[in-house]
Amino acid sequence: MEAFQDSKGKASQIASSQSESSTEQFTKVIRGLEETANAILRVSLNASTSICTYADASAPSIIFAFQVFHDLYGKARDRGAKIRYLTEITKENIDYCRRLSKELRIEVRHLDGVKGNFTVTDKEYIALATIKENQSIQQVIYSNLTQIVEQNQFLFDSMWERAVPAKQKIEEIDLGIDLGQTRFTYDREEILRTFDDFLNTTTREALVIVPSDETPSRNLALLQKLGLKAREKGIRVCALIPSKSIASGLQLDFEKLKQDLNLQGIEFRLAETLSCDMSIGIFDRMKMISAQFVEPRSLRSRPSGDAVSATITTNAESIAGMASIFDALWRENELWERETRSRKQAELMQDILAHDIRNYNQVMKLSMELLQAELPDNPSVRTVGDAMLRAIDSSTELVQRARQFGRILAEDAPNLFPVSLAEAVENSLSLVKSTMSTKDFKVIKELNVDEILNTKESHVSALVMADEFLPQVFVNLYSNAVKYTDEKEIGIETSFEEAEEGGTAYWKVSIADQGRGIPNEMKEHVFTRYLNTARGTGLGLSIVHALVVGRYHGKIKVIDRKPKGTIMEVWLPKANS
């Protein structure tokens with residue numbers, strides 16, 4: 001490095017010779033101690049707007065060994081040149097890299113595994129072999145060809161974008177943090193090779209997310225290798241498949257899948273809330289690769305799956321984060337399976353109880369009817385028998401309602417479709433009238449559809465988003481109106497109205513009775529009384545609330561009717577809103 005020893009006057013001497021340099025564009029190899037030193041210095045002196053240096057880990061120490069570099073970088077800054085320095089920051093050169101940033105005000109970044117050295121400016125390019133402090137530089141490659149300069153500027157910028165700011169890397173080293181390495185690739189061979197390398201070095205656990213049920217057959221060799229390690233080495237291998245990737249109605253048999261593809265040892269599970277197009281492998285919670293299919297979806301059916309990109313990392317934080325997500329999805333599957341089993345068991349018990357109670361009720365009802373037929377002239381038998389028959393009918397109805405309510409609450413995503421609101425109301429009222437033979441209906445406003453909705457066209461358009469359970473809303477409301485009216489003659493008024501609230505268009509159905517009314521302190525809880533007390537009373541209005549609010553995304557309002565009675569307002573979203 002003796003060519004840089006005479007730092008005094010070196011930069012000015014070279015600067016004075018710049019005007020003599022030829023403007024001809026060329027590329028050549030420069031040899032000789034003095035010539036190479038002058039070429040290196042001249043490239044920096046000639047730079048107007050930019051100096052970009054790519055240097056191995058030994059280079060930063062050289063800069064501080066010679067004052068001439070201080071002078072060069074100082075003058076470059078005075079000219080307004082932007083100076084960027086890309087190197088591998090290590091424990092050995094960290095102090096020099098820190099000084100580059102603070103003393104020389106150079107923007108420094110870290111990149112793993114830097115090999116070779118070159119500088120590219122807005123005018124020139126120069127490259128040299130590995131720099132060593134006690135070894136002379138005898139040869140460099142120089143070029144001022146525009147194409148060469150632009151190509152190497154592009155190369156530098158590409159690596160710069162991938163690099164880590166010096167401040168971050170220096171803090172990692174100072175704090176003893178190892179963030180590992182992260183890289184991105186489109187090379188399918190590298191992706192498969194990395195999967196294989198990670199797999200071969202796995203000793204405890206492999207967590208895998210496969211994007212679809214077709215993926216195992218597409219990457220069969222790798223998965224079979226995992227299965228073999230699970231069987232022979234005892235490592236834990238868990239694989240998640242998004243349930244959304246399975247064709248609708250298809251039941252995936254994992255035991256058959258493992259048998260057919262020789263994947264015994266791998267534990268497969270469906271991930272209900274996972275939706276991704278990536279294959280992810282986490283190995284011993286220390287290495288991770290995520291490969292994404294980038295070919296069009298229409299071509300996914302091809303068995304090759306050629307076009308993929310991948311991110312490969314040993315970053316502990318990234319891996320820990322993804323592993324925790326995997327664990328949560330794995331546990332979610334366990335909870336989902338447990339909940340499914342519990343729900344099926346509850347449904348089975350509910351069906352058995354409902355069936356048996358109806359059978360027992362039928363036996364009691366027939367027995368009482370036979371007794372009344374045998375003793376037709378006994379008033380006590382008639383009175384008690386009628387009371388028992390009503391109780392038996394109420395018991396059967398309660399069982400049926402409880403079963404229906406359970407089905408409504410258990411369904412997560414009901415299939416809603418346009419339903420005629422007027423037809424549902426009419427049919428419900430007719431049904432209630434036919435079953436309440438002990439009381440006489442006096443319907444204040446008869447349900448003449450054309451009158452209520454003004455025109456036939458309006459009736460046709462009175463559609464709401466609901467399903468086959470919609471009539472149950474009005475059956476329960478009308479039944480309650482009858483039940484809580486003390487008079488033998490019942491007055492019920494039904495009206496329809498279009499309404500809008502919060503940007504949503506509704507059909508509003510108002511059902512007014514002349515019954516006892518609902519006390520103010522009970523209005524807030526009247527629809528959830530059954531859920532809160534687990535008693536049969538209040539079940540009808542709980543069904544109404546579950547359907548209108550929970551299932552149909554509508555609203556229910558309770559209003560006092562003057563002089564007495566209650567108005568129930570049911571707001572249901574329009575089908576065309």
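**Close-up views of a predicted model**

**View 1. The largest nonpolar core.** In this predicted model, the largest nonpolar core is made of 39 residues, and Leu421, Leu470, Val473, Phe474, Leu477 and Leu572 have the most contacts inside it. Several helices and strands each give two or more residues to this core: α14 (421-435), β18 (463-466), α17 (470-483), β19 (489-501), β20 (504-513), α20 (539-551), β21 (555-560) and β22 (566-573). Helix α17 gives the most, with eight residues.

**View 2. A look at Val473.** Here we stay with one of the core residues that have the most contacts inside it, Val473. Setting aside residues up to four places away in sequence, Val473 touches Val544, Leu547, Val548, Tyr552 and Val570.

View 3. Thr185 belongs to strand β9, which covers residues 182-185. Is Thr185 buried or exposed? Its relative accessible area is 8%, and because buried means under 20%, Thr185 counts as buried. A polar atom of the Thr185 side chain lies 2.9 Å from the backbone nitrogen of Asp187. Beyond its neighbours within four places in sequence, Thr185 is in contact with Glu190, Ile191, Ser309, Ala310 and Ile312.

**View 4. Helices α8 and α10 side by side.** Follow helix α8 (residues 188-201) and helix α10 (residues 220-233): their axes are 11 Å apart and the angle between them is about 0°, so α8 is roughly parallel to α10. From α8, the residues Leu192, Phe195, Asp196, Leu199 and Asn200 meet Leu222, Lys225, Leu226 and Lys229 of α10. Sorted by type, the residues of this contact are five nonpolar, one polar and three charged.

How values were computed
Residues are numbered from 1 along each chain as its sequence is written. This is a predicted model: local features need pLDDT of at least 70, side-chain atom pairs count only at pLDDT 80 or more; totals for chains, interfaces and linings use all residues. Side-chain values use heavy atoms; hydrogens and water are left out. A nonpolar core is a set of buried Ala, Val, Leu, Ile, Met, Phe, Trp, Tyr and Cys residues joined through side-chain atoms within 4.5 Å. Buried means under 20% relative accessible area, exposed over 50%, partly exposed in between (1.4 Å probe, protein chains only). Helices (H or I, at least four residues) and strands (E, at least two) are DSSP runs, numbered from the N terminus. Contact means heavy atoms within 4.5 Å. A polar contact is a pair of N or O atoms within 3.5 Å; within protein, one must be able to donate a hydrogen and the other to accept it, and residues adjacent in sequence count only if both atoms are side-chain atoms. Axes are lines fitted to C-alpha atoms, for helices over the stretch in contact, and angles run from 0 to 180 degrees between N-to-C directions. Angles under 35 degrees count as roughly parallel, over 145 as roughly antiparallel, 65 to 115 as roughly perpendicular and the rest as oblique. Ala, Val, Leu, Ile, Met, Phe, Trp, Tyr, Cys and Pro count as nonpolar, Asp, Glu, Lys and Arg as charged, and the others, Gly among them, as polar.
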